[in-house]
2 protein chains.
Amino acid sequence: MRDAYHEELDSLTDRLVEMTRLVRSALSRGTTALLDADLQLAESVISHDEEINSLFAEVESRISELMATQQPVAVDLRVVIAALRIAGDLERMGDLAEHIAKVARMRHPDTAIPIELRDTIIEMGQIAERLVSKAGTCVATRDVELAKELESDDDAMDRLHRRLFRVLLSNDWSHGIEAAIDVTLIGRYYERYADHAVRVARDVVYLVTGDRALNGSSTA
Amino acid sequence: MRDAYHEELDSLTDRLVEMTRLVRSALSRGTTALLDADLQLAESVISHDEEINSLFAEVESRISELMATQQPVAVDLRVVIAALRIAGDLERMGDLAEHIAKVARMRHPDTAIPIELRDTIIEMGQIAERLVSKAGTCVATRDVELAKELESDDDAMDRLHRRLFRVLLSNDWSHGIEAAIDVTLIGRYYERYADHAVRVARDVVYLVTGDRALNGSSTA
């Protein structure tokens, strides 16, 4: 009985790792759609979000089932509670990638990102991808040291986010209000995406050590 | 043993209702701080967020303890899973109220809200308060019908959010980029706050009926 239980837990972990892959891909394609004003790519991110939502629903219902039938305690209970939270964060990351794609779609055939911000958005996308990729490794390996690295990657995201505002507020900004709104929202989506990745890593730390850094309290 | 368990559940419900009161108050004071450029009020929202975070940590740890010692099943398990999620949403709503207060603090002694948007922000604040207040009643009473009302209140919030953008994008906008960024972010904070209140109500529906509408999937 316990073996079947742990097999199910391993299988759930695989599904969570699969979710990190899907939301990384969604963000990567969303960023490209945004920078290249690629409507088809934007549409593919938007339509594929349903896949992430379904995976989330599957993970949630399997965890509920597992809790009900196996009544895990101690570390096993921590594992399932953490898995529930991780799934929720990943689902939200999928939504945020979708939001980015929707801005790309709304502005097509124009691009929402003025030339002087392309580098910043590219970097934000890269950091976001690095964060979710590391988060996926943390989920798969339960590597607490790696999980702690995500906090400093997230600091880099915050610096880029501030740079975005500096450009928006400089006297050189010539793209008007609509572009400023787009960039403000897009910046927020990347920042939130990164923050959820950090929360995933924190939940891995919790799962392994029982230490629960309060999520959300240190976010911007 | 089961009686002590249900007493603890009732006590946890009281704490969740208390959280809804605190985050409603934070939002109400944050809105006033924003509209009146009231620095002292803004500071009080910011410093009191710690109280909400502590309450969240307490609720979380008591729920974990309860799950570990009592191993709830079936409807009891749903109750504790829902309580965990509700606590997480409320904690986040506290953060969003704090974000609003921080914009007020940043712009003080000026106000971040131009005159032509005051009414919209006042309405957004009122809807947000109504939503969290109803969410608190739902948590206290497990009233599924009331919980369903929150979805349409949230539609009203979305309409106001769109109105905000219409004003920002009108030719009459004369407040420049910085004010547009502030308003864009503030609008997003209210919209997210409302969305989390709806999620609380959905979790009450789940708790009572076992039906779990996928959270996040219908959000903007």
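Modeller: Let's start with a definition: a residue is buried if 20 or more other C-beta atoms lie within 10 Å of its own, exposed if 12 or fewer, and partly exposed in between, with C-beta atoms placed from the backbone. The model here is predicted, so local features need pLDDT of at least 70 and side-chain atom pairs count only at pLDDT 80 or more, while totals for chains, interfaces and linings use all residues. Residues are numbered from 1 along each chain as its sequence is written, and chains are lettered from A and ligands numbered from 1 in the order in which they are written.

Colleague: Thanks! Is R142(B) buried or partly exposed?

Modeller: R142(B) is partly exposed, because 17 other C-beta atoms lie within 10 Å. R142(B) also has a positive phi of about 55°, although it is not a glycine. Its place is the loop between helix 4 and helix 5 (144–169) of chain B.

Colleague: What counts as a helix, and how many does chain A have?

Modeller: Helices (H or I, at least four residues) and strands (E, at least two) are DSSP runs, numbered from the N terminus. Chain A has six helices and zero strands.

Colleague: How do I read the span of helix 6 in chain A?

Modeller: The expected span of a helix is 1.5 Å times one less than its number of residues. Helix 6 (residues 176–209) of chain A has 34 residues and reaches 49 Å from first C-alpha to last, close to the expected 50 Å. Of those 34 residues, 29 are buried. Just after this helix, G210(A) takes a positive phi of about 85°.

Colleague: Which residue other than glycine has a positive phi in chain A?

Modeller: Q71(A) is one, with phi near 45°. You will find Q71(A) in the loop between helix 2 (39–70) and helix 3 of chain A. Q71(A) counts as partly exposed because it has 15 C-beta neighbours inside 10 Å.

Colleague: Where is there a cis peptide bond?

Modeller: One joins H108(A) and P109(A), with omega of about 10°. P109(A) sits in the loop between helix 3 (74–107) and helix 4 (118–141) of chain A. In chain B, a cis peptide bond joins H108(B) and P109(B), again with omega of about 10°.

Colleague: And what do contacts say about chain A?

Modeller: Two residues are in contact if their C-beta atoms, placed from the backbone, lie within 7 Å. Among contacts in chain A between residues at least 6 apart in sequence, 82% join residues at least 24 apart. Buried residues make up 47% of the 220 residues in chain A.
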